[in-house]
Amino acid sequence: MRVRWASVAELERKQEQTPVPKDWTYAPAPEARDIVHLEERYGHYIGGELVEPEETYETISPATEEPLAEVGQATPEEVHGAIAAAREAFDNGWSALPGSERAKYLFRIARILQERSREFAVLESLNGGKPIKESRDVDLPLAAAHFFYYAGWADKLEYAFPNRRPRPVGVAGQIIPWNFPLLMLAWKIAPALAAGNTVVLKPAETTPLTALLFCDVVRQAELPAGVVNIVTGDGRAGAAIVEGDVDKIAFTGSTEVGKAIQRELAGSGKRLTLELGGKAANIVFDDCALDQAVEGIVNGIYFNQGHVCCAGSRLFVQESIHDDVVEKLKRRMKTLRVGDPLDKNTDIGAINSRAQLEKIQELVAAGEEEGAEIYQPPCKLPERGYWFAPTVFTNVAQSYRIAQEEIFGPVLSVLTFRTPAEAVEKANNTPYGLSAGIWTEKGSRILWMAERLRAGVVWANTFNRFDPASPFGGYKESGFGREGGRHGLEPYLEFEP
Ligand code: NDP
């Protein structure tokens, strides 16, 4: 008897005909909250102490709208007090400390973050809305890795920059967004301290709690008072840092605020690095490993609810495989679980704030009005809190707002191309230039494309991969300066002329 082996195509067809289970409900698997101890009220961390704030506001959980704590809204006087504490710590010891001693503090901070990682992960998901599996498996390990990595450089600056006599710039003002609160704090504080600077950092208004818990890590690590200062509040507190007596500003956030800061600092002599928005192209060629590409597309846009500056929000698919990719993508989207950020099975958590939800809703409505075809898998969104279902738009023209503007939500636009040259031209047709992805089995094509894409980071056959040793940053309206790697030290150093 002859056995007939099914071809791969046949097997795939069979698999695709198998209906996706109607209900992906898993038994609830919530991470216990009791590891986190919340204070009723938090002050600003200035000169090694929590200082009672003059004004406060309430920070909430975006998944339930439940109030979590009262947090300080820093006044300009409080911000200037924090800058003065940082200046004093810089002048009175920290900048003169041998690099090997600074490294010890950074190593300690890294170790404590590892030891307390569950506590931090739960708090990050509670205050920011991101799924616990992301804060636990991505944000926390990477934040600790940044401190480990820059601890290693602290006593090797002369080797990193030979014959250039590196020295710290002074007090760094650091303003960070709400999408990766602790990780962005690590990206900012670790290189600054390794290079011998002191800092004043402001977390985003909606996500101050892990930065405030970090003050306890700083205390535990016995970092000298004033080396790290943290003030909380809205954009007014950020503006007070920018106009304060600082030597450098490091900003991550929207292009609009980045431009305003650049205008304000022009001619002031203060150094500036900006890490701003993006509208990344994720480019899929017909010779790629299709199922892996679909996973990469999902990871590229739905990771962290799409609140990612380098999110692969524009999908360029080679025309010949467009229908296959869209079909596989929709099938995969049906399996994504939206819901409680603290549930270990959740793939897509809560939108960070009402304002961000409204922005996403507005742009999605514009996409529909302009003529794109919308698809959202059936999913039941919780009644309280801020939620948005994973969304994909097909029939998108380059000119549509959803293909031009940063949505910063779980919304993907699918466009097509025929040749590599056309893919490059369309991918570069954006004011941004932060990241891009290429999916193909041909190494030569990856190199050809990567040379031509105007993006600070180009991933090949993967997406959204980070490593502290790898520099990250943008072109054009995505900002300037690099964070991570040896490059990430440079903005925090001055060199002999
Ligand atoms: P912002 O640029 O307003 O926020 C980033 C940080 O800057 C926050 O800490 C913010 O404080 C602070 N800030 C706001 N105004 C000023 C100011 N005038 N001077 C100094 N600091 C200031 O981003 P939003 O939170 O308003 O988000 C808007 C859009 O920006 C998003 O929809 C998204 O498209 C984009 N974005 C991009 C990010 C990226 O990583 N590239 C990150 C976040 C947002 P506060 O939180 O109180 O406003």
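Which helices and strands do the buried residues of helix 4 pack against?

## Basis of the model

This is a predicted model, in which local features need pLDDT of at least 70 and side-chain atom pairs count only at pLDDT 80 or more, while totals for chains, interfaces and linings use all residues. Residues are numbered from 1 along each chain as its sequence is written, and side-chain values use heavy atoms, with hydrogens and water left out.

## Helix 4 and its surroundings

Helix 4 covers residues 117–128, where helices (H or I, at least four residues) and strands (E, at least two) are DSSP runs numbered from the N terminus. Its twelve residues reach 16 Å from the first C-alpha to the last, close to the 16 Å expected at 1.5 Å a residue, the expected span being 1.5 Å times one less than the number of residues. After the helix comes Gly129, which has a positive phi near 95°.

Ten of the twelve residues in helix 4 are buried, a term that means under 20% relative accessible area, with exposed meaning over 50% and partly exposed in between (1.4 Å probe, protein chains only). Among these buried residues are Glu119, Phe120, Leu123 and Gly128. The buried residues of helix 4 pack against strand 4 (56–60) and strand 5 (67–72), and also against helix 3 (99–115), helix 5 (132–153), helix 7 and helix 8 (209–220), contact here meaning heavy atoms within 4.5 Å.

## Salt bridges

The count comes to 29 salt bridges, each defined as a side-chain nitrogen of Lys or Arg within 4 Å of a carboxyl oxygen of Asp or Glu.

The side chains of Glu483 and Lys188 form a salt bridge at 2.6 Å, N to O. Glu483 lies in the loop between strand 19 (479–480) and strand 20 (493–494), whereas Lys188 belongs to helix 7 (residues 181–194), so the pair ties together parts that are 295 residues apart in sequence. Glu483 and Lys188 are both buried.

## Partly exposed pairs and partners

Lys156 and Asp155 meet through their side chains in a salt bridge of 2.9 Å, N to O; Lys156 is partly exposed at a relative accessible area of 34%, and Asp155 is partly exposed at 39%.

A salt bridge of 2.9 Å, N to O, also joins the side chains of Glu422 and Lys426, which stand four residues apart in helix 15 (residues 420–427) and are therefore separated by about one helical turn. Glu422 counts as partly exposed, with 26% relative accessibility.
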